[in-house]
Amino acid sequence: MTNEKKLELLAETMDLEAEDITADKVLSDIEEWDSVSAISFIAMLDDEFGKTISAGDLKRCKTVADLMEQMEE
Amino acid sequence: MKNPMDLSNKYILITGASSGIGKATAIYCAELGAKVVLMGRNTEKLLETKKLLPGEDHQFFAMDFRTLLGNSVRRDYLSELFGQITAGDRKLDGFVHCAGIASVMPLKSLTIERLHEVMSVNFYSFIEMTRNYLKKKNSNDGSSIIGISSVLAVRPREYELAYVASKAAMDAAVPVIAMESAKRRIRVNCIAPGSVNTEMAANMAREYKNQNFQEKQKKQSIFGWQQPEDIAKVCAFLLSDASRAFTAQVLRPDGGYR
């Protein structure tokens with residue numbers, strides 16, 4: 001999957017406009033990245049990549065790029 | 001003169017718009033100045049409704065929730081459809097879910113397929129449409145979502161399990177959606193009519209094969225049968241700024257159901 005498509009999915013997960021999200025953004029700086037978005041992210045990984053992520057792995061994600069790294073089949 | 005129910009320049013999506021309450025709501029909203037997007041099963045009937053709308057720029061899309069949410073759900077279909085509706089950065093100001101089918105079926109014959117069909121049109125579609133509506137790119141803050149429920153959700157009749165359950169599910173879901181969309185001040189409410197003079201009610205009377213159905217239903221309510229226009233007016237109220245303080249409610253324009 002292209003990085004562009006991944007960013008699109010992440011924007012959807014956080015209900016952001018696609019142009020408001022870039023790989024270098026720090027998650028704690030994104031107002032929309034909260035516990036509810038995290039649940040949506042976990043659901044999206046499952047739907048799109050058939051993958052489950054552990055709470056520990058998710059906690060270690062600090063940037064948008066870290067989330068994108070998890071988005072592999 | 002001030003019109004508190006003015007819908008000028010509001011962009012409203014209405015399902016079930018080919019007949020009954022949906023059709024009446026589309027007409028009434030357009031009369032109040034709204035631009036309307038009609039959705040329904042039957043293209044010809046949608047076209048008929050569209051012809052009755054004053055003003056320009058109304059659109060319609062044929063859509064059958066039975067096939068959409070049946071056994072093979074096309075996940076991306078609705079998001080593509082919303083993409084068309086909101087093309088050119090035009091966001092919606094309201095969504096009224098009038099799509100619904102009645103079903104008279106004793107429990108012993110209520111197969112999971114029949115139950116699923118009614119739940120798909122009456123309830124799953126409401127949730128799936130609402131989910132898409134609530135994406136920021138599709139709707140404005142402060143807008144309004146309405147589900148057409150039924151008095152039967154709280155005053156059930158025998159042999160209508162699927163219908164009753166689908167409407168009760170809607171009543172139960174609305175406060176949850178209201179809480180989740182509060183941050184954007186999007187209001188979410190149900191309207192639960194009693195007996196309304198629609199094609200659906202006429203078909204129902206036929207299914208019951210009961211001459212007294214009309215008469216019995218009339219006696220059930222102080223004002224007797226309601227007209228689709230009576231419900232359309234309550235929809236317009238909930239879509240307008242006049243109802244700013246209403247969310248997570250079930251409004252009951254049932255003529256005093258007893």
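## A buried isoleucine

B:Ile191 is buried, because 25 other C-beta atoms lie within 10 Å (20 or more means buried, 12 or fewer exposed, in between partly exposed, with C-beta atoms placed from the backbone). B:Ile191 belongs to strand β6 of chain B, residues 187-191 (strands are DSSP E runs of at least two residues, helices H or I runs of at least four, numbered from the N terminus). Beyond four places in sequence, B:Ile191 touches residues including B:Ile146, B:Ile231, B:Cys235 and B:Leu251 (contact means C-beta atoms within 7 Å).

This is a predicted model: local features need pLDDT of at least 70, side-chain atom pairs need 80 or more, and totals for chains, interfaces and linings use all residues. Residues are numbered from 1 along each chain as its sequence is written, with chains lettered from A and ligands numbered from 1 in written order.

## Nonpolar cores

The largest nonpolar core has 62 residues (buried Ala, Val, Leu, Ile, Met, Phe, Trp, Tyr and Cys, joined through C-beta atoms within 7 Å). B:Cys235 is among those with the most contacts inside it. Helix α9 of chain B, residues 228-239, gives the most to this core: seven residues. A second, separate core has 11 residues, including A:Trp33 and A:Leu67.

## Helix packing

In chain B, the axes of α5 (residues 112-133) and α6 (residues 161-180) come within 9 Å and cross at roughly 20 degrees. Therefore α5(B) is roughly parallel to α6(B) (angles under 35 degrees count as roughly parallel). Their contact has 12 nonpolar, three polar and two charged residues.

Conventions
Axes fitted to C-alpha atoms, helices over the stretch in contact; angles between N-to-C directions. Parallel < 35°, antiparallel > 145°, perpendicular 65-115°, else oblique. Nonpolar A, V, L, I, M, F, W, Y, C, P; charged D, E, K, R; others polar. Contact = placed C-beta atoms within 7 Å.
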